[in-house]
Amino acid sequence: MLPIERLELLVARYGELEEQLCRPEVLADRTRISKLNKERSDLEPLIHAFALYRNVEKQIRENEEALADPELRDLAQSELGGLAQERGRLEQSMQTLLLPPDPNERKNIILEIRSGEGGEEAALFAADLFRMYARYAETKGWKLEILSTSESATGGIKELIALVVGKDVYSHLRFEGGVHRVQRVPVTEQQGRIHTSTATVAVFPEADEVDVHVEDKDLEISIAASGGPGGQGVNTTNSAVQILHKPSGIIVKCQDERSQLKNKAKALKVLRSRLLDMEREKQERDEAQTRRNMVSTGERSQKIRTYNFPQNRVTDHRIRLTLAKLDRVIEGDLDEMVMALRTNHQAERLQAVGVAFAKPATSGDEDDA
């Protein structure tokens, strides 16, 4: 059942906000108008859905009354089925909109990709994953900035850290964190045998200074010459910055810029985001000890997805979804996978508060041994 009284209070609040936003004293206060506009914008989808729900309820009542009229009975009966389905869809939508918002939903992210088991093939797969996310970011109009990278001998990626900036980046990519497994014939394989390799992906919401305060006394900062590709100037300049956060033991190194100050700023950005993610994980463990999976707690130790090139399929093992279009997914066509993961997460949140939610049908999770 929908909490109608609560919804009506929110409708009243929405009206108050619209009235306040027309006042001259509010229009003259930039901080206040920004805060009120945000609250209004957050409420708008729910208010719109509730207005549609009320209209559908009215149509259902009118059609039920029309059943008593022999001339209108058939028409009313034919419309009631569709109206009932629309009412159910709107109820489900509003239940989701009523859930407490995740404060990180609209944040940018720090994306970290590392090669895992499989040597050079794992590094090449890590590079493929980075290109996949880069192309997906491009389709969304997001900006991607590489903060730090370490390449392998064959042009793969040992480790890459990037900042992804744009609308609702975290809400789209939050479930990409985990162990990604690839099954394919490596370019170095002479006998055509399929190999299995892995790469790990970590996704952290970008932390502002107000989100995480880092004390200078807790930092141990080391300066060294940068390594890897970049030219003689980069390799001989003492610009690489490594930061150890002593309380947590987290170590961050950035070396892609020639400027020591720029590398330090990037390293601190990554450090704050990792610390914020640690705090988020701790809160989720405290709130739901029984939900120990990547979607809910951010654990990265388990295999979350398999990319099977010979059969052109990709399988997400958390939601048992298999798509027979790996060739498109690896080129950045991630929307179907991303939306399925987000819908599943919403269903789990609603189930946790006792609301039924119909999960989308998914194809079977085939075990890629």
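# Terms and values in a predicted model

The protein chain has 11 helices and 11 strands, where helices (H or I, at least four residues) and strands (E, at least two) are DSSP runs numbered from the N terminus. This is a predicted model, in which local features need pLDDT of at least 70 and side-chain atom pairs count only at pLDDT 80 or more, while totals for chains, interfaces and linings use all residues. Residues are numbered from 1 along each chain as its sequence is written, and side-chain values use heavy atoms, with hydrogens and water left out.

Visitor: What is Leu163 in contact with, leaving aside its neighbours within four places in sequence?
Guide: Contact means heavy atoms within 4.5 Å. On that basis the partners of Leu163 include Asn108, Ile110, Leu144, Leu147, Glu206 and Lys269. The C-alpha atoms of Leu163 and Ile146 are separated by 6.3 Å, and the two residues are 17 apart along the chain.

Visitor: What makes helix α1 and helix α3 oblique?
Guide: Axes are lines fitted to C-alpha atoms, for helices over the stretch in contact, and angles run from 0 to 180 degrees between N-to-C directions. Angles under 35 degrees count as roughly parallel, over 145 as roughly antiparallel, 65 to 115 as roughly perpendicular, and the rest as oblique. The axes of α1 (residues 4-20) and α3 (residues 30-66) cross at roughly 135° and come within 9 Å. The two helices are therefore oblique to each other.

Visitor: Which residues meet where α1 and α3 are in contact, and how do they divide by class?
Guide: Among them are Leu7, Leu10, Val11 and Tyr14 in α1, and Leu36, Leu43, Ile47 and Phe50 in α3. By class, the contact has 12 nonpolar, one polar and eight charged residues. Here Ala, Val, Leu, Ile, Met, Phe, Trp, Tyr, Cys and Pro count as nonpolar, Asp, Glu, Lys and Arg as charged, and the others, Gly among them, as polar.

Visitor: How do you know that strand β9 is largely enclosed by the rest of the structure?
Guide: Five of the six residues of β9 (residues 303-308) are buried, so the strand is largely enclosed.

Visitor: Which strands pair with β9, and in what sense?
Guide: Two strands pair if DSSP finds at least two bridges between them. Strand β4 (residues 178-184) and β9 have five bridges in the parallel sense, with Lys303 in β9 as the bridge partner of Val179. β9 and strand β10 (residues 313-316) have four bridges in the antiparallel sense, and Arg305 has Asp316 in β10 as its bridge partner. β9 and β10 form a hairpin with four residues between them.

Visitor: Why do Asn312 and Arg320 count as partly exposed?
Guide: Asn312 has a relative accessible area of 27%, so Asn312 falls in the partly exposed range. Arg320 is at 47% relative accessibility and therefore also counts as partly exposed. Asn312 is in the loop between β9 and β10, with phi near 55°, a positive value in a residue other than glycine. Arg320 lies in the loop between β10 and β11 (321-323), and has a positive phi of about 55° although it is not a glycine.

Technical notes. Buried < 20%, exposed > 50% of the residue type's maximum accessible area, 1.4 Å probe, protein only.
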